[in-house]
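Let's walk through this model together, starting where the chains meet and then moving inside one of them.

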Amino acid sequence: MEIRPILSALMRSKVSMILIGLQVALTLAIVCNALFIIHERLQRMDRPSGMNEADTFIISSTGFGQGFDVKSSQQADLALLRSLPGVADATSAITVPMSQSGWSTGVSLKPNQTTDTASTALYLVDAHGLSAYGVQLVEGRDFKPEEVQFKTFNERVVPTSVIVTRALAQRLFPDGDALGKQVYYDNEGPASTIIGIVERLQTPWLDSDFIDNSTLAPVLFPYGNATRYVVRAEPGRRDEVIKVVEQKLQEANPSRILSKVRTLEQVRAEGYANDRAMAIILGAVIFALLAITALGIVGMASFWVAQRTRQIGTRRALGATRFDILRYFQLENFIITSIGLVVGGVLAYALSLWLMSAFQAPRLPWHYVPVGFLCLWTLGQLAVLGPALRASRVPPAVATRSV
Amino acid sequence: MFAYYLQLGLRSLKRNPILTALMIVGIAMGIAASMTTLTVMHLMGSDPIPWKSDKLHYVQLDNWGADAPYTEDGRPPDQVTYRDATALMTAAKADKQTAMFKVVKPVQPENREVKPFQAQGRATFADFFAMFEPPFRYGHGWNRDQDAGHARVIVLGSEMNEKLFGGQDSTGRSVRLDGADYTIVGVLADWKLRTRYYDLTVGAFAEPDEYFVPFTTMIDLKQRASGNNSCWRAPGTGWDAYLDSDCVWIQMWVQLDSPARLAEYHAFLDNYVNEQKKLGRFPRPLNNRLLDVNQWMVDQRVVSRDVQVQTGLGFAFLVVCLVNTIGLLLAKFSRKAGEIGLRRALGASRREVFKQFLIESGVIGISGGVLGLVLTGVGLLAVRALYAEYKTVATLDLTMVATTLVLAVVSAILAGLYPTWRACRVQPATQLKL
């Protein structure tokens with residue numbers, strides 16, 4: 001093989017070699033960590049909320065002035081919404097998943113327990129809640145209309161029956177027998193009975209460490225004079241239903257203020273906007289880095305080829321084939337890249353350690369580095385191919401010419 | 001000589017247009033990536049009120065339950081209770097003080113053409129205006145007597161004044177919020193805040209407040225806050241029980257004009273909490289904090305981790321671009337060994353050769369910087385498109401433009417130094433032989 005002559009040639013242009021190696025090393029370290037962050041974000045964004053997101057939207061109504069009765073207005077609105085063509089179901093609700101605002105509370109197994117057994121988000125809905133959210137009941141039963149309480153600010157909300165997510169049920173009763181059990185949402189009681197379990201319903205907070213622990217309770221709870229409605233349309237009819245709903249609600253009470261409709265898809269997009277932005281920005285950095293590194297290799301290799309035109313001619317004249325010349329440059333690049341990659345591998349783990357300590361980021365999984373090796377080897381070989389082909393076309397006669 | 005070297009440099013750059021373009025684009029991209037992220041980070045974390053940020057202090061008291069701290073790391077709650085806020089306002093031991101909370105109320109315009117709308121405002125005290133210094137276009141804030149008298153007065157933001165009164169002087173007129181009339185005492189001019197630093201509990205980049213009303217009046221009307229509310233035990237039933245509870249929902253700021261006043265106030269707070277302990281409140285150890293504006297912004301992570309990581313990566317990318325440029329310049333200059341040898345043989349000193357090539361790298365740097373500045377502008381537009389709430393911080397100011405250009409030239413000269421130094425070490429004799 002020709003490794004020895006390549007190495008001795010490289011030793012004569014150490015600086016250039018170090019520069020390319022360094023560039024490859026930094027690129028590998030950054031690309032591995034950036035790719036890992038992107039992967040994490042995509043995984044985060046991929047989490048299901050448990051709701052029917054495609055057909056559902058939310059709208060808030062605020063009444064004002066004397067003579068506005070929030071309770072009767074809420075009942076009338078719900079009856080109206082459910083009667084509209086294309087509406088599958090509707091409920092009043094304080095919040096939805098991914099909206100980043102809502103209620104949370106502790107749940108205990110006994111009254112006056114000093115530390116709560118679990119934290120949970122609280123979804124206050126009426127008897128149509130499960131159906132309007134489109135969540136799937138896996139055990140037990142749905143709320144009955146007579147269980148629904150009406151509460152306002154400054155009144156204690158202690159539901160007698162609740163439906164919890166499977167994750168919360170598992171957390172409270174690891175033996176899997178949560179259904180029918182009593183738990184405490186208020187330290188001083190009374191107890192609430194778990195009457196049903198749903199497969200999944202995320203809390204409203206995407207960063208919470210109890211994202212799968214949610215509780216649904218049958219309580220109508222307007223926020224002052226404001227009520228939020230969650231409306232699920234029949235499949236594919238969401239956009240037409242939105243127009244009708246806006247118009248009919250306004251007609252029913254012309255003096256109230258209706259918020260802009262937000263579809264669950266919009267709520268999701270806004271909730272994850274920062275993750276999406278981070279993924280896009282890091283993607284752009286990775287692309288630019290790889291482009292710069294590849295162009296750097298092309299530039300440097302072109303320069304080397306030009307510098308060594310006479311030596312190439314001499315080798316050709318002494319019997320080296322075109323393929324030998326091509327192989328020489330490819331091999332040279334492979335050696336430089338490999339040295340850079342070894343350094344870069346160490347740098348990648350070091351960068352990951354730093355991200356872990358400074359930003360509480362998770363550890364870079366080991367396989368990112370070998371995959372990065374393969375990518376950068378390929379990139380280097382492709383980048384050097386052009387200049388190497390040009391080198392292989394140098395005619396042997398060049399050797400005989402002076403300058 | 002400078003003009004001549006510049007001409008030589010330009011001619012040499014023209015000779016290898018692709019290589020030159022590669023170097024310029026490389027520097028420009030590195031500059032753009034680092035400056036876009038740095039601008040966002042710099043503006044996010046920049047001091048919103050530099051002339052008095054060390055005098056304004058955010059009050060935190062640890063009234064949380066004995067069983068578990070408010071946060072895992074033991075920091076006290078980020079808001080205070082109504083009880084403590086009113087006690088501190090009544091004591092009035094600071095040079096200026098205000099408690100506040102966010103409200104959202106329906107606005108019923110007199111003008112029938114304008115439909116009723118929901119508007120976000122702030123319930124606060126008279127000192128707010130002297131402490132945070134919003135600019136007034138018409139009128140002024142209300143006074144302490146009006147706080148005490150629970151007056152129905154209001155200060156409008158410029159946008160709401162525009163919407164309701166077409167931007168005219170509306171002081172003395174009245175505006176109806178949720179069925180109650182308020183007399184307008186002042187109208188703000190455009191208050192450009194990058195971060196709504198006086199209330200970070202609902203996000204630093206939230207929409208600006210559209211009006212300000214007396215805290216005491218809002219309490220009379222039993223107005224609930226629209227911000228966060230946290231309780232470690234159930235507040236009991238009714239408005240009075242809520243006011244008396246240990247739920248935290250109010251932000252409290254004090255202005256302390258000297259370090260001595262700060263120490264005094266700290267002692268006062270400790271004393272206050274110890275007195276409350278005797279009444280059976282504050283079961284946790286003494287944990288009061290009085291962070292100033294900048295410390296509070298750091299504590300609340302106004303500059304997010306994502307932005308810090310992006311800035312770090314931006315600069316790492318710049319380093320890669322510079323390494324790339326060094327390599328390419330090295331390649332380029334070493335091809336000129338013959339030319340340099342000739343100049344040296346004809347009597348040019350190393351110094352002259354050094355100057356000539358440094359000017360050539362300087363040209364690349366400045367071109368890269370200018371292109372980088374343009375790309376930074378594009379980058380900031382992209383940031384705005386990606387992060388809707390960052391529109392106040394994704395803008396270029398003069399300092400950042402200057403920093404960009406300096407960074408570009410310094411980077412290019414740093415990148416050019418080693419290749420240039422190598423170029424002038426060329427021995428004339430070795431180059432002139434055939």
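Between the two chains, 45 residues of chain A are in contact with 42 residues of chain B, where contact means that the C-beta atoms, placed from the backbone, lie within 7 Å. On the chain A side, helix H2 (14-45) and helix H8 (273-307) each bring at least two residues to the face that touches chain B. H8(A) gives the largest share of that face, 16 residues. Helices here are DSSP runs of H or I with at least four residues, numbered from the N terminus. Sorted by class, the chain A side has 24 nonpolar, 17 polar and four charged residues (Ala, Val, Leu, Ile, Met, Phe, Trp, Tyr, Cys and Pro are nonpolar, Asp, Glu, Lys and Arg charged, and the others, Gly among them, polar).

This is a predicted model, so local features need pLDDT of at least 70 and side-chain atom pairs count only at pLDDT 80 or more, while totals for chains, interfaces and linings use all residues. Residues are numbered from 1 along each chain as its sequence is written, with chains lettered from A and ligands numbered from 1 in the order in which they are written.

Now for chain A itself. Its domain assignment, automatic or from a database, gives domain 1 (3-46 + 274-400) and domain 2 (64-255). Their C-alpha centres are 55 Å apart.

Back to H2(A): its contact with helix H10 (residues 322-359) of chain A has 17 nonpolar, seven polar and no charged residues.
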